[in-house]
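Work through the exercises below with the model open. Each task is followed by its solution.

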Amino acid sequence: MGVVSKLPVYMERIPGGGILTTSAEKFFNWSRASSLWYMLFGLACCAIEGLMATGASRYDYDRLGMIFRASPRQADLMIVAGTLTHKMAKRVKILYDQMSEPKYVIAMGGCANNGGPFYYDCYSVLKGVDKIIPVDIYIPGCPPRPESVMEACLKLQEKIKKQKLGDWSSSTS
Amino acid sequence: MDSSSLLKLLSEEYQERVFDGKIITDVATVSVNPGNWVSICHSLRDDKSLLLHSISNFGAIDFREKLGGYQIVLTVFSHQFNHKITIKTLLPAKEDDSPIVGTISGVWPSAEWFEREMAELFGIIFEGHPDPRHLLLDDDWDEGYPMRRGWSGKDFVVKPEI
């Protein structure tokens, strides 16, 4: 826990009062990175691995402060887990637009990265989710192991902690 | 009924309308002309000795190069007798034509979705279809009929020879 372990560095006690001051940026980034609520949204087989297996007790998203939300309005993170067809792409764009800033996207698996097994000879699959929405982290694999998904979430937390307060609206694009 | 007696029954009772009867992978298979397509389906469904009440398979094949048109293949199944027959028809079509055939969704209602899928993927027009919207493709899909041979769209990547 970055901020908590470095409390003496970031905070100073004001004599006579109970007020602690800290860098607002560190505090915002710490709270954003530690409560990364993800949207419960699966497209294909990656949803089994990335949302259910990783969310269940053996790997457990909860210990990163990640809780699933069934509504895009309450979610910070969209894990695009699976094959994105042209028909679904419009819906995903709408869901992404409905999420409130700051928002982050993980493209999970070969299909979401670039079409994967549907790259050749396929009329229906969008070849890469980054053609419609900005992606922060790409996970290779078909499907990726839950360990890779956890690693991606940790990487995303690192990325969030490096953000400046002013740039979160532009950081996702 | 086994396939050989089914084939015998079909070619005797419906001899004006069916032709080219044979047994393919143990299924009695007959061909009909596109003009007789709906009427033969009606007769087969209402035949009390066949009781063909459900569709088991219904699809189209692009045979423009080989046979000069689109072939429609329909397999119907009887739960009472545990037998099935296959009916085929060839819709003649030139290079970019849309072949026309009557709908059989009035005979077996479950044919409706099969026909919607064939209409969007092959461009076959089913006359009198009650709900001719797209089934699988997007509503504003405008890139033609992807299951036709030689089709290409804007994001389409053909697999290279290895």
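**Exercise 1. A pair in a helix**

Which residue forms a salt bridge with E12(B), and how far apart are the closest N and O atoms?

Solution. This is a predicted model, in which local features need pLDDT of at least 70, side-chain atom pairs count only at pLDDT 80 or more, and totals for chains, interfaces and linings use all residues. Residues are numbered from 1 along each chain as its sequence is written, chains are lettered from A and ligands numbered from 1 in the order in which they are written, and side-chain values use heavy atoms, with hydrogens and water left out.

- Step 1. Apply the rule: a salt bridge is a side-chain nitrogen of Lys or Arg within 4 Å of a carboxyl oxygen of Asp or Glu.
- Step 2. The partner of E12(B) is K8(B), and the closest N and O atoms are 4.0 Å apart.
- Step 3. Helices (H or I, at least four residues) and strands (E, at least two) are DSSP runs, numbered from the N terminus.
- Step 4. Recall the geometry. An α-helix has 3.6 residues a turn, so residues three or four places apart point the same way.
- Step 5. Check the solvent side. K8(B) has 52% relative accessibility and counts as exposed. The classes are buried under 20% relative accessible area, exposed over 50%, and partly exposed in between (1.4 Å probe, protein chains only).

**Exercise 2. The interface**

How many residues of chain B are in contact with chain A, and which residues of chain B lose the most area?

Solution. 

- Step 1. Count contacts (heavy atoms within 4.5 Å). 16 residues of chain B touch 11 residues of chain A.
- Step 2. Take the buried area, which is the accessible area (1.4 Å probe) that two parts lose on being put together, summed over both. The two chains bury about 1,200 Å² between them, 56% of it on carbon and sulfur atoms.
- Step 3. D138(B), D155(B) and V157(B) lose the most area in chain B, together 43% of what that side buries.
- Step 4. Look for charge pairs. Two salt bridges cross the interface. K90(A) pairs with D138(B), the closest N and O atoms being 2.7 Å apart. K90(A), D138(B) and D140(B) are linked in a network of salt bridges.

**Exercise 3. The cores**

Which residues touch the most other members of the largest nonpolar core?

Solution. 

- Step 1. A nonpolar core is a set of buried Ala, Val, Leu, Ile, Met, Phe, Trp, Tyr and Cys residues joined through side-chain atoms within 4.5 Å.
- Step 2. The largest core has 40 residues, and W37(B), L44(B), F58(B), I72(B), L74(B), I104(B) and I124(B) touch the most other members.
- Step 3. Several elements of chain B give two or more residues to this core, including α1 (3-13), α2 (37-46) and β4 (69-78).
- Step 4. Zoom in on L74(B). Among its contacts beyond four places in sequence are W37(B), F58(B), I104(B) and W108(B).
- Step 5. A second, separate core has 23 residues, including L51(A), Y61(A), L77(A) and M108(A).
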